[in-house]
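Subject: Structure handover

Hello,

Please find the structure below. My notes on it follow.

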Amino acid sequence: MKLSMRLGPRSYDIILKRGALANLSQLAWLDRPVLIVTDSGVPAEYAQKVAAQCPHGTIATVPQGEASKSLKVYGQLLQQALDAGLDRGGLVIAVGGGVVGDLAGFVAATFMRGVDFINCPTTTLSQIDSSIGGKVAVDLGDAKNIVGAFWQPKLVVIDPDTLSTLPRRHYINGLAEAIKAGLICDPQLFLLFENGDVDADIEDIIYRSLLVKKKIVEQDETEHGARAALNFGHTLGHGIEAVRGIKGRRTKGYFHGECVALGMLPMIEDRQLQKRVRAVYRKLGLPARATYNKEQVLAYMRHDKKARGGSVTLVKVPGLGCWRLDKAPLEALETLVGLDKA
Ligand SMILES: NC(=O)c1ccc[n+]([C@@H]2O[C@H](COP(=O)([O-])OP(=O)(O)OC[C@H]3O[C@@H](n4cnc5c(N)ncnc54)[C@H](O)[C@@H]3O)[C@@H](O)[C@H]2O)c1
Ligand SMILES: [Zn+2]
């Protein structure tokens with residue numbers, strides 16, 4: 001399957017096909033200096049499969065985990081790009097999850113004022129969500145995605161076969177972003193979760209989620225309007241992630257998608273739909289009720305950039321497949337966090 005992201009001169013194709021990783025050379029020009037970025041948790045065979053098709057390819061493997069989205073690792077990769085002989089005609093290829101995609105994408109965006117970037121996502125989260133849209137970044141200490149850019153890839157190659165090695169919890173975690181896409185824009189996609197089998201339907205789930213994101217990004221590439229819809233579940237989700245997320249030396253807690261899953265629940269205004277979503281979470285093994293320190297989550301959200309100016313802008317889902325923006329006073333956050341425990 002092929003989708004085209006239409007962004008004028010920054011347009012690109014998204015290829016979704018089993019085995020596509022082995023056919024990259026048929027899809028892109030690889031006969032030039034190439035830096036292939038992967039991490040230590042991604043089975044090495046995926047980057048090797050790509051390297052085998054690059055006559056002038058160098059593999060750079062960073063340690064797995066969010067900690068690699070740092071200025072230090074970013075600097076090391078820039079040096080490796082230089083050592084690998086990349087010039088302005090060079091190419092950076094990401095082979096991995098959202099961490100590798102964000103990091104390698106930011107290297108591509110900034111090395112010699114920007115070189116070509118190809119993203120080969122290997123987690124559900126990155127195949128469903130983070131590999132398209134052009135947001136690339138590294139973290140600044142605990143502050144996520146503070147140093148970044150909008151840098152669209154030249155091509156995105158999604159090979160669902162790579163998901164066979166992904167640990168189950170990561171697999172399910174990424175599906176939260178697909179449930180998000182269904183809730184805001186695609187009732188059929190949500191029904192796949194209610195009535196279908198996620199393993200059997202995975203290609204359909206990825207395809208439909210990408211369609212939702214594509215349509216929204218095409219309308220609003222740099223997040224000044226409609227793209228806000230993609231933040232559904234993320235305002236509260238980021239608060240939960242700050243307090244209970246797995247990051248830095250904290251190895252227990254929730255993954256990003258799990259926080260978003262929890263963050264979406266109180267934003268669903270139709271109680272019946274809220275129940276259906278909880279049932280889907282239980283079926284999949286996503287957290288359906290959170291145990292988090294309400295005060296700490298609130299404190300984080302009060303400081304969150306979206307909460308500036310005494311109010312917070314929330315994405316609400318009044319019914320399946322639609323969304324609206326709700327500018328609420330800061331005090332409303334208290335009720336909101338409480339609602340989740342009702
Ligand atoms: N740019 C965006 O628009 C955007 C959107 C959402 C999230 N993100 C970012 O994405 C990151 C999270 O991405 P993620 O959930 O993919 O996590 P991740 O990249 O850390 O991958 C999860 C784990 O799975 C391993 N892994 C990856 N592919 C594998 C495979 N096929 N088989 C076995 N193991 C594999 C990785 O080594 C890692 O340990 C965060 O940094 C987040 O900020 C970016
Ligand atoms: Zn997200």
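A polar contact here is a pair of N or O atoms within 3.5 Å of each other. By that cut-off, Val42 makes such a contact with ligand 1: one of its backbone N or O atoms is 3.4 Å from an oxygen atom of the ligand. Please keep in mind that the model is predicted.

Two further contacts involve ligand 1. Lys144 uses its side chain, with a polar atom 3.0 Å from an oxygen atom of the ligand. Thr162 uses its backbone, where a polar atom lies 2.9 Å from a nitrogen atom of ligand 1. How much of ligand 1 does the protein bury? Taken alone, the ligand exposes 870 Å², and 89% of that is buried by the protein.

The shell around ligand 1 has 26 residues. The closest are Asp39, Gln64, Glu66, Thr123 and Thr165. By type, the shell divides into 11 polar, 8 charged and 7 nonpolar residues. At least two shell residues come from each of α4 (98–110), α5 (124–130) and β8 (143–150).

The other item is a pair of helices. Two packed helices are described by the distance between their axes and the angle between those axes. For helix α9 (residues 234–244) and helix α10 (residues 256–264), the axes are 7 Å apart and the angle is about 130 degrees.

Regards

Technical notes:
Residues numbered from 1 in each chain as written. Chains lettered and ligands numbered in written order. Predicted model: local features only at pLDDT ≥ 70, side-chain atom pairs only at ≥ 80, totals over all residues. Heavy atoms only, no water. Near = heavy atom within 4 Å. Polar contact = N/O pair within 3.5 Å; in protein donor to acceptor, adjacent residues only side chain to side chain. Areas by Shrake-Rupley, 256 points an atom, 1.4 Å probe, with all protein chains shown as cover. Helix = DSSP H or I, 4+ residues; strand = E, 2+ residues; numbered from the N terminus. Nonpolar A, V, L, I, M, F, W, Y, C, P; charged D, E, K, R; others polar. Axes fitted to C-alpha atoms, helices over the stretch in contact; angles between N-to-C directions.
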